[in-house]
Amino acid sequence: MKRSEIRNILIAGGGMMGKNIAFVFSSDPSLQITVYDIRPADVRAGIRENCAQLLEKGVLESAELEERLSRIDFTMDLDSDAVKSADLVIEAVFEDMGIKRETFAKLEERCRPETIFCTNTSVMSPTEISRDLKYRERFVGTHFWNPGHLIPLVEVVKSDATSDETAETVMEILADVGKKPVLCKKDVPGFIANRMQHALWREAISIVENGIADAETVDTAVKYSFGLRLPQLGPMENADMVGTDLTYNIHDYILGALEDSHEPSPLLAKLKEEGKLGFKTGEGFQKWTKEEAAASAAALNEYLIRMLYGK
Ligand SMILES: NC(=O)c1ccc[n+]([C@@H]2O[C@H](COP(=O)([O-])OP(=O)(O)OC[C@H]3O[C@@H](n4cnc5c(N)ncnc54)[C@H](O)[C@@H]3O)[C@@H](O)[C@H]2O)c1
């Protein structure tokens, strides 16, 4: 299917990600969006709530929000016209292989063979999710990041059977609705960005575990050094900037000293066992009051809006 043929978007799963993804697609006034869920959900109210900060900061006008919401419907009926006439489906149901496979099997019975099927799985293999489908070439991963209405990146992940045309059409429509799609050419765990993010987390936890610095200091070191320049200078450009010769020499000296465990850290396992789950229980690597936890989430959204919209 070509980008120009896409009019009807179906989001399967109206939870946190599904609502935000519906809002993202509504930025194109020619698109009609329907959210399908097995449970009742007030999708419009949820989107209004998620957009409160955008309204407050003047990034979004309330008339524009209402117009966008008027093109977002909700259904619990898999046999509705919205499902049959979908041109592109984004699945955002629970992160469970069985539920995802079953959802796509039901959709395949009802949608046209050319309808594009996307999965918003965080970590599961698009190849495995689409294993039993008949038309596997129109299936692709689309990994949105949370908060989905703010973070621009969407990783478009090819399975072992995704056609180039499917990946191209999905990249095109995501760019049209204001996202920054990147193509992940191989279906590997963590796709592109999470592989890097968790390599960093593994080292950060190891530094704490080995008594080199405490958790707060680790975060300070990131925020006031390379974290500050990362949005402008990615690691590959940085390697060229300092020179591949210098990068080689540094890696030759340091790589042997870095954490390379293939298991979650014992410290992380201990915190989990002790019920020290972070914000939800008031303690993880650090202690958090309810107010501090709420302030952290709000500050993140404020920061993102300032970075992305200058407001
Ligand atoms: N939360 C994140 O930070 C994040 C980020 C990127 C991707 N994801 C992925 O997005 C997907 C959804 O995550 P979420 O955080 O929105 O979860 P969520 O629990 O908020 O929402 C899941 C929704 O799916 C619905 N659902 C469950 N089974 C269904 C079915 N058979 N048919 C239709 N709807 C069904 C539930 O009723 C619920 O509304 C998951 O695959 C998750 O891994 C999550």
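Reader: Which residue is the bridge partner of Glu 91 in β5?

Author: The partner of Glu 91 in β5 is Thr 119. Residues are numbered from 1 along each chain as its sequence is written. The model is predicted: local features need pLDDT of at least 70, side-chain atom pairs count only at pLDDT 80 or more, and totals for chains, interfaces and linings use all residues.

Reader: How many bridges join β4 to β5?

Author: Four bridges join β4 (residues 88-91) to β5 (residues 116-119), and the two strands run parallel. Strands are DSSP runs of E with at least two residues, helices are runs of H or I with at least four, and both are numbered from the N terminus. Two strands pair if DSSP finds at least two bridges between them.

Reader: In what order do the strands of the sheet come?

Author: The order is β3-β2-β1-β4-β5-β6-β7-β8, eight strands in an open sheet with mixed pairing. β3 (72-75) and β8 (180-184) each have a single partner strand, so one side of each has no neighbour in the sheet. On average, neighbouring strands are turned by 25° against each other, direction ignored.

Reader: Turning to helices, at what angle do α1 and α2 cross?

Author: The axes of α1 (residues 16-25) and α2 (residues 43-50) cross at roughly 80° and come within 9 Å. Axes are lines fitted to C-alpha atoms, for helices over the stretch in contact, with angles from 0 to 180 degrees between N-to-C directions. α1 is therefore roughly perpendicular to α2, a term for angles of 65 to 115 degrees.

Reader: Which residues make that contact?

Author: α1 contributes Lys 19, Asn 20, Ala 22 and Phe 23, and α2 contributes Val 43, Gly 46, Ile 47 and Asn 50. Contact requires C-beta atoms, placed from the backbone, within 7 Å. By class, the contact of α1 with α2 has four nonpolar, three polar and one charged residues. Ala, Val, Leu, Ile, Met, Phe, Trp, Tyr, Cys and Pro count as nonpolar, Asp, Glu, Lys and Arg as charged, and the others, Gly among them, as polar.

Reader: And the domains: where do they lie?

Author: Domain 1 covers 3-184 and domain 2 covers 194-309, with bounds from an automatic or database domain assignment. Their centres, taken over C-alpha atoms, are separated by 30 Å. Six residues from domain 1 and six residues from domain 2 make the contact.

Conventions. Contact = placed C-beta atoms within 7 Å. Parallel < 35°, antiparallel > 145°, perpendicular 65-115°, else oblique.
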